[in-house]
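Here are my notes on the model, point by point. Please keep the structure open while you read.

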Amino acid sequence: MTSAREDILDRVRTALGRDRISSDTRTKLDRRLSDPPSYERPGLGEDRVHLFATRLTAVRGGFRKTDSGHVMESIADCLDRHGLERAIIAAPALEHLSWPADWNVSFGASRGDDRVSVTPCFAAVAETGSVVLLSGPDSPTSLNFLPEYHIVLVRAEQLLDHVEDVWEKLRSTGAPARTVNFITGPSKTADIEQTIQYGAHGPRSLDVVYISTLQECL
Amino acid sequence: MSDHAKPPRVGLFVTCLVDLFRPNIGFASIKLLEQAGCEVDVPAQQTCCGQPAFNSGDYDATRRIAKQVIEVFEKYDYAVGPSGSCMATMRAHYRDLFEDDPPWLERVDRFGERVYELLSFLTDVMGVARVDAGFAATATYHDSCSGLRELGVKQQPRRLLESVSGFRLQEMDDSEVCCGFGGTFCVKYPEISARMVTDKIAAIEASGADTLIGGDLGCLMNMGGRLSRLGKPVKVYHTAEILADMAGGPAIGEVDAE
Amino acid sequence: MPTAASHLFKQRVPAALADRDLKAAMDKAQDGFIGKREQAVSQYPGFEALRELGREIKDHTLAHLDFYLDRYERQVQRNGGHVHWARNSNEARTIILDLCKRANARNVTKGKSMVSEEIGLNGALEESGIAVHETDLGEYIIQLAGETPSHIIAPALHKTKAQVSDLFHAKHQRYGFHQRLTEAPALVNEARQVLRRRYLDAEVGITGANFLIAENGSNMIVTNEGNGDLTRTMAKVHIVTAGIEKLVPTLEDATVLLRLLTRSATGQEFSAYTTLSNGPRREEDPDGPDEYHVVLVDNVRTEMLGNEFRSMLRCIRCGACMNHCPVYGAVGGHVYGWVYPGPMGSVLTPLNVGLEEAGDLPNACTLNGRCQSVCPVNIPLPDLLRRLRRRQHETGLDSRYSRAALRLWTALAARPALYRRAMQWGAVAMKRLAGRRGRLRRFPLAGGWTRSRDMPAPAGSTFQTLYTLYKEGRRR
């Protein structure tokens, strides 16, 4: 008996009216995979940071611009806006930051009952207002979904123009992470009478703290 | 008018519905085409475009009818008719029938590019920009689906209607949504069709228009028949009747005054 | 495969039309979807060119599907995942059931997956004593109600807030929620609390796929709730179910389709969550599934690839066709009687369950073409429906009445002289029947028409008769 795999592939070839793909075609298709087509990308037409902030806030994401000397103030600002205590679960990648001594900060994956998470990101996308996070020991995926409030730190050089720029950056990192999350605003649903409600399953709010380069500050 | 030395010879495709229910639209079409400088002939050998058979999946019967239509009409410079639906069948769909018959396919393609819906022909081919007609009404226009989506009929009738004196166009919401006619659909699924036409009537009424205009008699009979059943005073005319200044008689479905 | 009730279409239409809640829900939903899409499309210059590109990408992939499937499989394996192949629903269910049993699963969470509906997965798992928890709020609502989705991206579209309120009040008592909630935020919040426990309890999480990417073996899912991410992150085993047509070559190709998908579906520029899954937890990962499986389902797809319905495999399941369909808007999704409703469903259902069962679906359509005009990959849906009618006609499955009527009409149409006489006779007869009213309130053989409409009466002479007189007059 042939395996389902062989059977399906055979049926595909029969349906396409041909035998296995010729080596010429294979070479062409291999090339298409290793050197992906560059399609026209949507025009962005304005300042990248401004566009990112506009797109993000349009989907109810929070945006704060700061510099590397004032990250904690910005995080505190986010917490205050939501009326939250200084109790945070943060990605291990952020352990090196100078967290205020009187904050209750732990590092690691979420257990499910954390209120606030703070994570770094791999990239951000101006076209869509998204932050992009990779899973890994430094940035557990559960932090992106289980806590009720999610704060993401974006460094200026991480902000890219288009979704495609993320793919290029990803390819340059080598072996793919288990999960790549594009997050664009808080969790939401319109499943009850097509009216948008926030905080369906994931975080009720998403705040981005954008850390400018020194140059941008000047 | 185009700069042909000889006027273009147009074979008018009357359509079954116009032939049976509303000859006035046929005469209005002749008048408009002649005003535009065409030499119009109405071949007596014409019958149906074959759409009922085609949409019922009977490709063999449609092919026979299509051949007959082509044989009758290909001798003219253009085949023109006052219906987006019939003309789309001839222009856009006949070729589906002859996929396996290259000689006929070529013939169909040569024919197809000379097939036009009336309003599209008058404006896009003959360059007519205005008409000499008067009709006092606040009217709304229904975009029949085949004309709109298969032949791109949208602005052409509106542009010409604007030049009718006393005429005011008042767009309704969802003018591009199907009225529920759909050929045999309206008798096969009468309840769904009734819901669709009822929604359409609500949009017509909400527009505040006293007159409904459209380019396909099937849709107009559907909407007119529903308006009349509901006792609504909105009058229904085909675009060609208004543009040809031939909308003096009773509207579609209206009581004859005589 | 779930049992089809498509043969009941005609029978179920009147009740659907009489349902006021359904009418209110459908009107609201369609207005919302149509308006949001229109706005998103108008803000994207070159959307038409993007549609064309999307079509090309899908056609290219389908034309080389064996190559891309093979490459995808190898990349998944390289990432530490497993690929399973299922020729049909039965095989797909068996594979998934085995995986669940091996994981000693008692609780399974599910992200939204239409393929899982197509293969009748929930029923099979439940029969084996495994509790299935739908996590997409819409899917959760209809699961509680014991119903099936009425829309492919908004499964509970047909439900009003009051109905959801009743449902939660009845079904959430056992979790200690006794208060009746009436407002949407509170209802969403209660479901959040109930389902949060499910994510943490489940041994297996099952999701669908929006795109399978051959280049690197990624599975891309788009959601707004985040339920798909919790489903695949928290369980020990993550299973992806996907039709083989979900393949795309590269991330760049997926991006084009993604830009089309979100705008066409909900009018969004981007969904809240767009996620790539690349296999199981890496050695150093603090969370994520231990196992990652992809079940590739054929189920009629290879058959469609080889016949005149190949273009249907371009479908990216956005729902725009049904959002813009006036028939779907009138009757809702349930009367279609199987998994997929609306125009795309009227093509897919007969191909899956047969024309004997679903013969009404391709006919219950006015061929108005609005579906195709908004389809992100330009599937010629009206043409495909007509081709199904052709199959029906050629296999003698159309009704005897319509066959006879059609034969009479085409016989007339083929004989111009007879046709002219018959039309003239008809014009006279109908005018007489109408009398002085100018319209017919009843007409033989057209009861469907005259039940809700008058039939305008003919003028009494056909155009051809009058034209002959007119020409003679001109000659004189």
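How far apart do the C-alpha centres of domain 1 of chain C and domain 2 of chain C lie?

1. The two centres lie 23 Å apart. Chain C is divided into domain 1 (2-43 + 319-398), domain 2 (49-303) and domain 3 (404-475). Such bounds come from an automatic or database domain assignment.

2. Some ground rules come next. This is a predicted model, where local features need pLDDT of at least 70, side-chain atom pairs count only at pLDDT 80 or more, and totals for chains, interfaces and linings use all residues. Residues are numbered from 1 along each chain as its sequence is written, while chains are lettered from A and ligands numbered from 1 in the order in which they are written.

3. Back to the domains of chain C. Their contact takes 26 residues from domain 1 of chain C and 28 residues from domain 2 of chain C. Two residues are in contact if their C-beta atoms, placed from the backbone, lie within 7 Å. On the side of domain 1 of chain C that touches domain 2 of chain C, the elements giving two or more residues are α2 (20-42), α14 (320-323) and α16 (342-353) of chain C. Helices (H or I, at least four residues) and strands (E, at least two) are DSSP runs, numbered from the N terminus. The largest share of this side comes from α2(C), with 10 residues. By class, this side of domain 1 of chain C has 16 nonpolar, seven polar and three charged residues. Here Ala, Val, Leu, Ile, Met, Phe, Trp, Tyr, Cys and Pro count as nonpolar, Asp, Glu, Lys and Arg as charged, and the others, Gly among them, as polar.

4. Now look at the sheet in chain C. Six strands form an open sheet in the order β1-β10-β7-β4-β2-β3 (chain C), with parallel pairing. Two strands pair if DSSP finds at least two bridges between them. β1 (82-86) and β3 (131-134) of chain C stand at the edges with a single partner strand each, so one side of each has no neighbour in the sheet. From one strand to the next, the twist averages 20°. Angles run from 0 to 180 degrees between N-to-C directions, and axes are lines fitted to C-alpha atoms, for helices over the stretch in contact.

5. Zoom in on one strand pair. Strands β4 (residues 204-207) and β7 (residues 237-243) of chain C run parallel and are joined by four bridges. I206(C) has I239(C) as its bridge partner in β7(C). Helix α10 (residues 184-201) of chain C packs on the sheet and touches β2 (107-110) and β3 of chain C. The direction of α10(C) makes about 120° with that of β2(C).

6. Which residues have the most contacts inside the largest nonpolar core? They are C121(A), V132(A), V204(C), L257(C), V295(C) and V347(C), in a core of 284 residues. Helix α12 (residues 251-266) of chain C gives the most to this core, with eight residues. A nonpolar core is a set of buried Ala, Val, Leu, Ile, Met, Phe, Trp, Tyr and Cys residues joined through C-beta atoms within 7 Å. A residue is buried if 20 or more other C-beta atoms lie within 10 Å of its own, with C-beta atoms placed from the backbone. Residues touched by V204(C) include V108(C), V237(C) and I239(C).

7. Next, the chain pairs. Of the two pairs of chains that touch, chains A and C have the most contacts. No contact joins chain A and chain B, and their closest C-alpha atoms lie 18 Å apart.

8. Between chains C and A, 72 residues of chain C are in contact with 60 residues of chain A. The largest share of the chain C side, seven residues, comes from α10(C). That side has 32 nonpolar, 22 polar and 18 charged residues. Five bridges join strand β9 (residues 179-183) of chain A to strand β9 (residues 273-277) of chain C, and these strands run antiparallel. T179(A) has S277(C) as its bridge partner in β9(C).

9. Between chains C and B, 52 residues of chain C are in contact with 58 residues of chain B. The chain C side divides into 27 nonpolar, 16 polar and nine charged residues.

10. Finally, chain B. Its domain assignment gives domain 1 (9-124) and domain 2 (130-243). Their C-alpha centres lie 22 Å apart. Helix α7 (residues 118-125) of chain B has L118(B), L119(B), S120(B), F121(B) and L122(B) as its buried residues.

Methods: Buried ≥ 20, exposed ≤ 12 C-beta atoms within 10 Å, placed from the backbone. Lists of a residue's contacts leave out its neighbours within four places in sequence.
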